[in-house]
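Reader: Please show me the structure. Then take me through its salt bridges and its core.

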Amino acid sequence: MSSSYAITAVLLVSIATLAIGAYGWRFSRTTSDFFVASRSVRPALNASAIGGEYLSAASFLGVAGLVLAFGTDMLWYPVGWTAGYLMLLVLVAAPLRRSGAYTLPDFAEDRLESLAVRRLSSLLVVGIGWLYLMPQFQGAGLSLGTVAGTEPWVGGLLVGAVVLVNVFFGGMRSITLVQAFQYWLKLTALLVPVMFLLVVWTGDGATSPADAGTMTAGMTGDVWASPLASASDHALYTTYSIIVATFLGTMGLPHVVVRFYTNPDGRAARRTTLVVLGLLGIFYILPPVYGALGRLYAPELIASGRTDTVVLELPALMVGGLGGDLLSALTTAGAFAAFLSTSSGLTIAVAGVVSQDVMGRRFRGVRSFQAAAVVAVVVPLLLAIAADGVGVARAVGLAFAVAASTFCPLLVLGIWWRKLTDAGAIAGLLVGGGLSGLAVVDTLLQRAHEGWTAALLTQPAAWTVPAAFLTMVVVSLATPRRLPANVSRTMVRLHTPEAVQLDRGPQPL
Amino acid sequence: MSPDSGPRRVRVTSPRTSAGRPRRVTVTSEIDAQTRIGEIYMASLLRAQLRLAGLAIATVGVLVAGLPFFFWLFPGLTRVHVLGMPLPWVLLGFAVYPFFLVVGWVYVRAAERNEHDFADVVERS
């Protein structure tokens with residue numbers, strides 16, 4: 001396809017992102033603006049921003065690629081990423097906002113009154129954030145390489161630079177506007193081309209991609225359409241491990257959680273989450289359609305292992321001519337919006353933690369936040385260049401597994417179980433983080449395994465999450481004397497509606 | 001008016017004031033003081049919200065997370081076609097999303113009702 005349209009599209013998205021960010025810079029004055037947009041974002045805008053931030057390279061490119069390559073069981077990824085928001089809604093949304101803390105480590109320290117838990121949480125936030133940023137930069141390199149033939153590191157560098165400029169000058173205030181814009185851009189970038197593609201497909205006789213006769217890369221249509229067949233030898237275990245990681249991992253992702261502090265109150269936090277559920281549902285219907293049509297029109301992508309680019313290439317392959325090039329340019333623009341928005345959110349979250357817990361003493365306020373943002377972007381950028389053999393969806397999947405094995409139990413038990421102690425939390429975080437971290441290291445080193453070892457290490461959540469929960473409960477019960485002194489006051493603050501006048505203890509900001 | 005002009009005003013009070021009037025004890029003050037009764041009110045709110053969350057999770061757990069197990073138990077289901085598409089596709093590709101939204105909507109309404117009831121009880125007393 002002609003690359004000039006796609007390059008123009010990428011540049012336009014980058015410029016629009018900077019322009020909208022610049023509009024937000026004018027409002028960013030205080031530290032509170034930088035970290036939480038002064039807690040004044042309304043549900044409709046905030047929900048678009050959350051949607052924009054959450055739909056990453058894995059959602060925009062990865063899902064279609066996985067569906068194209070492996071079939072129906074990969075639909076569990078988008079389903080789980082949406083269900084993760086439902087779990088977040090019912091288990092943590094309102095109490096987390098009412099806790100009044102800035103970041104996950106703030107929550108941990110506030111609830112458990114222990115500096116050690118805070119430090120460990122900070123470490124995990126930075127680790128998960130970097131693990132999730134790395135594939136965003138890799139995806140950007142892959143996409144720009146596909147449409148413009150550049151080296152893999154160019155795309156990552158471009159995304160890193162744009163994100164850094166925005167975060168540097170506007171913090172959360174300007175990022176909120178940018179991300180809300182990017183949700184709608186991403187939706188348009190998939191919705192408009194898919195209509196043309198469906199018209200072409202109907203015109204060609206509407207062959208079902210699931211037809212038994214449709215054979216691609218040695219996989220017949222009915223194997224592809226079976227929900228328990230293709231990706232692994234241990235399909236039932238793998239499927240349930242994906243379900244556990246995605247359903248429970250969402251609430252533990254640092255960039256998702258940090259967004260909740262921008263809601264005005266707990267009730268707004270719930271309503272925002274409900275709108276997000278709707279927005280995600282609308283979006284996630286689209287990528288699998290690209291994957292399914294790709295089976296009919298772009299089977300050569302499977303053979304060459306470039307399934308992640310199906311969203312970018314399919315419009316040009318199916319429509320052809322100038323129209324196809326323009327539609328492909330539109331999906332490329334959407335992909336860059338995905339890299340930019342998710343990277344921005346992650347950078348904010350990681351920078352917030354780094355500036356508070358590492359740099360706090362040397363720099364002050366906004367300065368410290370800006371210095372931390374540089375660190376937050378540069379490290380995963382280098383990682384992305386070093387480890388370019390790990391697939392986009394794979395690395396994101398591992399970030400979810402680590403989040404589900406560490407922050408999910410910490411949040412759920414911390415909010416709903418008053419007997420959680422600091423010792424229990426530390427033990428649980430170490431067990432969950434250690435076991436899932438083992439799988440991460442194994443993947444980054446790109447070792448090959450067989451049979452059950454492979455299944456357990458590629459999808460660790462199904463055993464590491466229960467292990468983390470169990471450890472937290474058992475150790476907490478064994479150390480009842482370490483109950484935090486103000487646990488009752490904290491529980492009151494987490495759960496009572498704002499309308500009731502109560503002593504909630506000192507409010508942080 | 002200078003302080004020494006005229007007789008000094010004398011306030012006449014009952015000696016009983018120093019004993020204090022019986023004050024109305026509100027539930028909010030009970031919760032603030034972390035008394036036994038305050039804890040009971042808090043525990044009941046917590047239990048109501050947790051039961052609600054459990055109900056929502058169980059609904060999703062059985063009807064959505066149960067799907068792979070159903071497909072594994074009844075492999076014939078995967079060959080059923082609805083609207084020209086395989087059943088797993090219809091369920092996982094399209095139908096789950098409105099379902100999640102409905103569960104979320106019902107949950108938000110019920111959670112806000114729990115909080116409203118709690119606020120009523122606490123502030124009425």
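**Salt bridges and core**

Author: At 38% relative accessibility, Arg271(A) counts as partly exposed (buried is under 20% relative accessible area, exposed over 50%, partly exposed in between, with a 1.4 Å probe and protein chains only). This is a predicted model: local features need pLDDT of at least 70, side-chain atom pairs count only at pLDDT 80 or more, and totals for chains, interfaces and linings use all residues. Residues are numbered from 1 along each chain as its sequence is written, chains are lettered from A and ligands numbered from 1 in the order in which they are written, and side-chain values use heavy atoms, without hydrogens and water.

Reader: Which residue forms a salt bridge with Arg271(A)?

Author: A salt bridge here puts a side-chain nitrogen of Lys or Arg within 4 Å of a carboxyl oxygen of Asp or Glu. For Arg271(A), the closest N and O atoms are 2.9 Å apart, and the partner is Glu112(B).

Reader: Is Glu112(B) buried or exposed?

Author: The pair crosses between chains A and B. Glu112(B) has a relative accessible area of 15%, so it is buried.

Reader: How many residues apart in sequence are the parts that Arg493(A) and Asp110(A) tie together?

Author: These two side chains form a salt bridge at 2.4 Å, N to O. Arg493(A) lies in helix 23 of chain A and Asp110(A) in helix 7, so the distance in sequence is 383 residues.

Reader: How many residues are in the largest nonpolar core?

Author: Such a core joins buried Ala, Val, Leu, Ile, Met, Phe, Trp, Tyr and Cys residues through side-chain atoms within 4.5 Å. Phe60(A) and Phe100(B) are among the members that touch the most others, and the core's size is 176 residues.

Methods
Helix = DSSP H or I, 4+ residues; strand = E, 2+ residues; numbered from the N terminus.
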